Amino acid sequence: MQNSCVMHRHTGPAPGIMVWGGIGYHPRTPLVRIAGTLNSQHCISQVLEPVVLPYLQGLATAIFQQDNARSHVARIVQRFFVNHQIELLPWPARSSDLSPIENMWSMVAQLLTQITPPAATPDQLWQRVEAAWSAVPQERIQSLFESMPRRVAAEISNNDYYSGY
């Protein structure tokens, strides 16, 4: 899965902050603070065009994995992927816990719980999330990607999420 990219959105622990970030074997994206709801139009204008396209264009090869969120599977977003020749990793529905980005968000959340007192404002929370995102060592992200064949094989053998992929 080298040079693949995992993208996801995440709602932070305080009301009013939604954060999107992506990880890859070598680099990670900067975080994007989403204002309001991440619908398909916002997904394109706030995330895909300004962050994902340049990120993927900077890699020799890349496969984009999205989490099947409603805004990601909308026709307009799927057309964006086709028009920009972005290869998508087939991903079964309701299997987000297999996605390495979920582990990344857990690491970020763990770092956030170590900071006291809790963030008092959405802006303060945003600063802390950005710092925690940057603090996760890239080697930890690489180990997430390296663990994928084993994790997928375990899920298939347990028949938990296997859907023919």
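In helix α1, the buried residues are S40, C43, I44, V47, L48, V51, V52, L53, Y55 and L56, where buried means under 20% relative accessible area, exposed over 50% and partly exposed in between (1.4 Å probe, protein chains only). Helices (H or I, at least four residues) and strands (E, at least two) are DSSP runs, numbered from the N terminus. The model is a predicted one, so local features need pLDDT of at least 70 and side-chain atom pairs count only at pLDDT 80 or more, while totals for chains, interfaces and linings use all residues. Residues are numbered from 1 along each chain as its sequence is written, and side-chain values use heavy atoms, with hydrogens and water left out.

Back to α1, which is not straight. The helix covers residues 40-57 and spans only 21 Å between its end C-alpha atoms, whereas a straight helix of 18 residues would span 26 Å at 1.5 Å a residue; the expected span is 1.5 Å times one less than the number of residues. A kink of about 55 degrees sits at L48, shortly before the proline P50. That bend is the angle between axes fitted to the seven residues ending at a residue and the seven starting there. L48 itself is among the buried residues of the helix. At the start of α1, a side-chain oxygen of N39 comes to within 3.1 Å of the backbone nitrogen of Q41.

Next, the aromatic side chains. The structure holds four aromatic pairs; rings of Phe, Tyr and Trp (its six-membered ring) pair if their centres lie within 6.5 Å, and planes under 30 degrees apart count as stacked, over 60 as edge-to-face and the rest as tilted. F80 counts as buried because its relative accessibility is 6%, and F81 does so at 2%. Together, F64, F80 and F81 make up one aromatic cluster.

Two loops have backbone details to look at. Q85, in the loop between α3 (75-83) and α4, has a positive phi of about 50 degrees although it is not a glycine. Q85 counts as exposed because its relative accessibility is 74%. Further along, P117 lies in the loop between α4 (100-113) and α5 (122-135), and the peptide bond from T116 to P117 is cis, with omega near -5 degrees.

Mean pLDDT (the predictor's confidence in each residue, from 0 to 100) is 82 for the protein chain, and 83% of its residues reach 70 or more. Over residues 1-15 pLDDT stays under 50, and the model has 63 contacts beyond four places in sequence for them, a contact being heavy atoms within 4.5 Å. Where pLDDT is low, the predicted coordinates should not be read in detail.

In α6, Q138 counts as buried because its relative accessibility is 15%. Not counting residues up to four places away in sequence, Q138 touches G24, Y25, H26, P27 and R28. The side chains of Q138 and R28 are joined by a polar contact of 3.2 Å, meaning a pair of N or O atoms within 3.5 Å; within protein, one must be able to donate a hydrogen and the other to accept it, and residues adjacent in sequence count only if both atoms are side-chain atoms.
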